[in-house]
Amino acid sequence: MTDIIYKINGIVFSEVKQTLTFEKHTIELEVRESEVLAYFCKHAHQQITRGELIDNVWHGQIVTDNAVNRVITKLRKALGDDAKKSTFIKTLPRIGYKFIANTSLVEPHKLKSADLSKPSFQWKLTIFFLLIAMTYLVFMSNTSEVKPLKVVSALTRDAGLESDAVISPNGRFLSYSSRNKGWEKLILKNTATGAIFQLSDNAGDASSATWSADSTNLIYMYNNHSVCQIKRVFLLGNTISREEVIHNCPIGSFGRVAYNHNNSKIVYSERRTAEHPYLLYVMDLHSGYKKQLNQPPPFNAGHVFFDLHPTEDKLLLSTPDEQQWHAFYLLDLEESISTYLFKKDEYICCAIFNHAGNKIVVMGPYPNQSLVEMDLAGNNTKKIINTTHLISPVSRIHNNSDYIYTGSQLNFDIRFYEEKLKSSVAIIDSSVVDRLPDISSDNKQLAYISREANTSQVWLYNVNNNSKRQISQFTDHQHYQDLQFSPDNKKLSLLMSYGIKLLNISTKEIKLVKIPLQVARGMSWFDETTLAFSLKVEGKWRVHHYSLLTEEITLIDEDWAYVKYSKNPKETAFISQNNELYINNIHMNSATFTMIDYIGMFNFQVKGEHLYYLDDSSDSLSVIKMNVTNQQQELLLENVSPTKLTIVENGIYYTHIKSHSSDIFRTLDQD
């Protein structure tokens, strides 16, 4: 991607890299700060209303004045601007802003050599070569003092998928979960000898292990089809001396568990049923007494992930709030007090305390290839490491310095299955994640999401000549959950973690559907100017229509939780509040599959007289074809783990997991 670089009062601003380079140092901007600054640069010395700024930066998203003010304040701080005597951003009372700095567009190759010789450029060259070698992770400060680089070391290279890694406090053992066909097993690895032992049985999933302070035992979550338990394992050397069940949780509750500091209590997250959110509980191990913690109201899945403070009985909770922003709270276990810290308008997962307990460490924005640190107000973000793999939940190593995490590599391709030939062929086969295929109504263009350009962008594949092209230039690092052509093939709708984008294919214009920031599910097009989706109203999913002409949202019918519309009314599917599926007034047997998956996308499609769906009754997804009238079924694709089915007359486009590997990594100081 070609970078766009401005000089602003002598400061070099990179729109693509989202950095400000001063004479002696470089700082990174947050995404929204960079977008506002880019818009200011493009409209320097012009009056910009707040409405104009919201329309073009937030794309019409419903935001408060405080949200805009926060971004402007942080941008002023980054530029070193004084609101009272501004040389950059002038406030126009009751109107908006004017960017008054001397601003000029500079072509990258015409930057002065002095600009290229600054420390930030040298470090970026270093990063480039380190990423090629794939042996170093970069730790860069947002101050003029450059911190030492960290290196990364792989602790596992097993054949399975490793996760939930924790090193015992005495440093002798590494525990982690590993899945290599079948159940997820709890593994113990001797860090000195490399010897590996399996601690859990082969009849259930074992996850979320936590060590006792003296490294003599550990607790973990155990799940299978008939039980949910928190187990404790006592070790004698490398073997189990005793094992016990310390809590029976509701079946299907895949929460997390941790000791408190003196190991007298456990803190855990669980849910009553799959329809209920996760909540946090504490249990005294001596008396067995348990109670629900004082915690913020749960939304969506609820409070799954938490972290215990390194020295105090306090929890850091990162969870979605009512607006679907990611909110951070501090929970005092002794005082039973919940304190709100801050929230971010982006998807951020699984925050933990740093080693001192005075800052937060969290995975960077999607696609989660960095680890960042920020203060307890969500400010002063500093990148700790930057990787070429995806980072999963992180934990501290007991050396007051380093962290351990799961690093994953994914490769998804898009394939076409021809029903008559009963064979599949790769249509889109890059070395990165390509997913969410959707075909235009004339069967000429296939739209999909790809990370071929490093970030998630929309691409179009020409079915006739096999060419492909990128049509979006997103800069907000969103995770897209579904993608659909409008019936007239002029627009694409993109379902996100919260909210929906509309992309005009010809003009590349982006528009955000003006709905309150909350989860939308089951997206489809009613007609060329009306988009349908479901929102939660009074605890129940309800179908809504959004008019592209009036930008109004209308509640359609309270009887249906979801409707998957089609141009052919006989192919429209209705899902009731009781989770029953109806097609052409026929009640379908849907007991063998999940109609709406966990990210809110339909798991099926109706074409002609048949229903095609993803069977998720086993570990690996399969594609089933069912006759709508007599409901006889036929297995089409088995054990290929597809997602997002797009059905045409002669076959199926689907996303295929080509490869997925994950190993345990730790950070180390450079020698």
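**Entry 1: the model.** I am working from a predicted model.

**Entry 2: the sheet.** I looked up how β23 to β26 are arranged. The four strands make an open sheet, ordered β23-β24-β25-β26. Their pairing is antiparallel. Next I checked the edges. β23, residues 306-308, takes one edge, and β26, residues 337-344, takes the other. Each has a single partner strand, so one side of each lacks a neighbour in the sheet. I also noted the twist, which averages 20 degrees from one strand to the next.

Entry 3: I then asked how many bridges join β23 and β24. The count is three, in the antiparallel sense, with β24 running over residues 314-320. I picked out one residue pair here. Phenylalanine 306 has leucine 317 in β24 as its bridge partner.

**Entry 4: asparagine 263.** I turned to backbone angles. Asparagine 263 has a phi near 60 degrees, a positive value in a residue other than glycine. Where does asparagine 263 lie? I found it in the loop between β19 (257-259) and β20 (265-270).

**Entry 5: asparagine 579.** Here phi is near 65 degrees, again positive in a residue other than glycine. I placed asparagine 579 in the loop between β47 (573-576) and β48 (581-583). Is asparagine 579 buried or exposed? Its relative accessibility is 51%. The cut-off for exposed is over 50%, so asparagine 579 counts as exposed.

Technical notes
Residues are numbered from 1 along each chain as its sequence is written. This is a predicted model: local features need pLDDT of at least 70, side-chain atom pairs count only at pLDDT 80 or more; totals for chains, interfaces and linings use all residues. Side-chain values use heavy atoms; hydrogens and water are left out. Two strands pair if DSSP finds at least two bridges between them. Helices (H or I, at least four residues) and strands (E, at least two) are DSSP runs, numbered from the N terminus. Axes are lines fitted to C-alpha atoms, for helices over the stretch in contact, and angles run from 0 to 180 degrees between N-to-C directions. Buried means under 20% relative accessible area, exposed over 50%, partly exposed in between (1.4 Å probe, protein chains only).
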